[in-house]
Amino acid sequence: MSANRADRPAERAGLPPILLRGPLLLLGFVALVLGVGAGLARLGWSVGAPLASQAPLHGPLMICGFFGVVIALERAVASGRNWAYLGPLLSGIGCLALAIGEIGFALWAFVAASLVLLAACAVIFSRQVAPFTLTLVAGALCWCVGNGLWVAGSSVYQVLPWWFAFLILTIAGERLELSRLLAPAPGAGWAFAAILVVIGTGLFAAARGWGAQVFAAGLLALAAWLFRYDLARRTVRGRGLSRYIAVCLLSGYAWLAAGGGIILFAGGLSPGAASYDAALHALGLGFVFSMVFAHAPLIVPAVLRVGVPYRPMFYLPLALLHLSLLVRLGGDAAGQFAWTHWGGLLNALALAAFIVVTALAALRGARPNPA
Amino acid sequence: MVEPQASADADRAPAPDEESVREALRRVDDPEAGMNIVDLGLVYEVEVAVDRVRVDMTMTTAACPMADMLVAQARRVVAAIVPVGTAVEVRLVWDPPWTPEMMTGIAKTHFGWTF
């Protein structure tokens, strides 16, 4: 145990970064509000002209705006490097630039944000050379590629698989890390590597007809891997927060499988088709937001130093998220736009309920104990 | 990172030994794993002197953003069992990197390892 490596707490917990984190997270929530408003406008809800004008930018606002800020902030905290906070800052600036119509500036801000995130992940990888840290680097690289293609003139529809790969690989890397707690399983590591190769092949072959199906097959295989090897299978038998996290994760994996299955069944991603809405929201809302719901009680205290003690009411927004998504995807499958329309509104309410429940838990946690 | 700590519970506390410090640290859970940091093998070293306690601990990964929070919790539970005026130092170390083999038998059994 070398002494020179023991001084990272001071580096990690420097006061200026802690003071920065709140405003940075706020930028992420601005992106979330804009992105959700834009999504509701796409579904025909009246959300007011400023939000309605953002309708075509729903995807960029959610992925580069909200998730860009949140993931880059989480990685900045973990890396302990002050410069890494430029990642969430640039993502947030990009989001604000989108909101005022400065699209060109926003694109470059997102490119810069993704490069900073990539550098932060590289720092973590250099600190711990392992398959899971390499997966985090691969996830950040996917965001860089997607943003680069967007700047080079590709449409949002064309870069979406790269952006989703950014989110999915980031989550997969984190889960791979925790799977080490379980008894070593022969072949699990190689299976994970093979799945990443399939997903990567699908991304690079996106221009060909079969690319999206290979990508989707990779997502299905990843869902199967997570069901089989994730720690959640064991912690779901526990209690309290650990069990809640596991329920979020396992239900999220079902949506990951659903998203992959829909793309595979539909023969690819066709903008405007009902399967497009269904697949992207199974992945983005069902899978990725389930992970957000799971980790908020861990990440909010880590980032803001505000306790978010577990409450059974955490299950309410989670249940609403899943039920509302079933309504939405049911509408997509049945060709009943009214279901999709109302399902979308309930999706937004689930996110709002999640924020309210998290804030209430944080407020209760902040009360001094009556000793 | 060295902070003199005081707590009402610790006013009349005798000086702890290493085992009692480890026992106190068992109250700090890694919520994601659902297991305490001692049985996870995250506590590398506990050093108890007359006027100070030093703990070296790690995380399962350098990518973990919860490090500051768990270090603060560790410091809090140790401070609660030491006499007033005792300095409590909890250091986050990365060398050697944590491996699953560092878990205790309790944790390994819990996570399905067979022996």
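# A guided tour of chains A and B

Begin by selecting Pro96(B), which sits in the loop between E6 and helix H3 (105-110) of chain B; helices (H or I, at least four residues) and strands (E, at least two) are DSSP runs, numbered from the N terminus. Show the backbone here, and look at the link between Asp95(B) and Pro96(B), which is a cis peptide bond with an omega of about 5 degrees.

Before going on, note that this is a predicted model, in which local features need pLDDT of at least 70 and side-chain atom pairs count only at pLDDT 80 or more, while totals for chains, interfaces and linings use all residues. Residues are numbered from 1 along each chain as its sequence is written, and chains are lettered from A and ligands numbered from 1 in the order in which they are written.

**Confidence**

Colour the model by pLDDT, the predictor's confidence in each residue, from 0 to 100. Chain A has a mean of 91, with 94% of its residues at 70 or more, and chain B averages 87, with 88% of its residues scoring at least 70. In residues 1-6 of chain B the pLDDT is below 50, and this stretch has 16 contacts in the model beyond near neighbours in sequence; two residues are in contact if their C-beta atoms, placed from the backbone, lie within 7 Å. Residues 1-13 of chain A also stay under 50, and for them the model has 26 contacts beyond four places in sequence. For the complex, the predictor gives an ipTM of 0.82 and a pTM of 0.89.

**Chain B and the side that touches chain A**

Now select chain B, which has 3 helices and 6 strands, and follow its elements from the N terminus in the order β-α-β-β-β-β-α-β-α. Next, display its boundary with chain A, where 30 residues of chain B are in contact with 34 residues of chain A. On the side of chain B that touches chain A, strand E4 (43-48), helix H2 (67-79) and strand E6 (87-92) of chain B each supply at least two residues. H2(B) gives the most, with 4 residues. The residues of this side divide into 19 nonpolar, 5 polar and 6 charged, where Ala, Val, Leu, Ile, Met, Phe, Trp, Tyr, Cys and Pro count as nonpolar, Asp, Glu, Lys and Arg as charged, and the others, Gly among them, as polar.

**Helix H4 of chain A**

Move to chain A and select H4(A), residues 58-79, whose 22 residues should span 32 Å at 1.5 Å a residue, and whose end C-alpha atoms are 30 Å apart, which agrees; the expected span is 1.5 Å times one less than the number of residues. Where does H4(A) kink? The kink, of about 40 degrees, is centred on Gly68(A), the bend at a residue being the angle between axes fitted to the seven residues ending there and the seven starting there. Because 22 of the 22 residues of H4(A) are buried, this helix is largely enclosed by the rest of the structure. A residue is buried if 20 or more other C-beta atoms lie within 10 Å of its own, exposed if 12 or fewer, and partly exposed in between, with C-beta atoms placed from the backbone.

**Tyr85(A) and helix H5**

Continue to Tyr85(A), which is in the loop between H4 and helix H5 (86-99) of chain A. Is Tyr85(A) buried or exposed? Tyr85(A) has 21 other C-beta atoms within 10 Å, so it counts as buried. Not counting residues up to four places away in sequence, Tyr85(A) touches Pro17(A), Leu20(A), Leu24(A) and Ala76(A). Tyr85(A) and Leu20(A) are 65 residues apart in sequence, yet 8.3 Å apart in space, C-alpha to C-alpha. H5(A) itself is mostly covered, with 12 of its 14 residues buried, including Leu86(A), Gly87(A) and Cys95(A). The residue Gly101(A), which follows H5(A), has a positive phi, near 85 degrees.

**The core, and a last stop**

Finally, display the largest nonpolar core, which has 166 residues; those with the most contacts inside it are Leu117(A), Ile37(B), Ala74(B) and Val78(B). Such a core is a set of buried Ala, Val, Leu, Ile, Met, Phe, Trp, Tyr and Cys residues joined through C-beta atoms within 7 Å. Helix H13 (residues 274-304) of chain A gives the most to this core, with 18 residues. End at Leu345(A), in helix H15 (residues 337-366) of chain A, which is partly exposed, with 16 other C-beta atoms within 10 Å.
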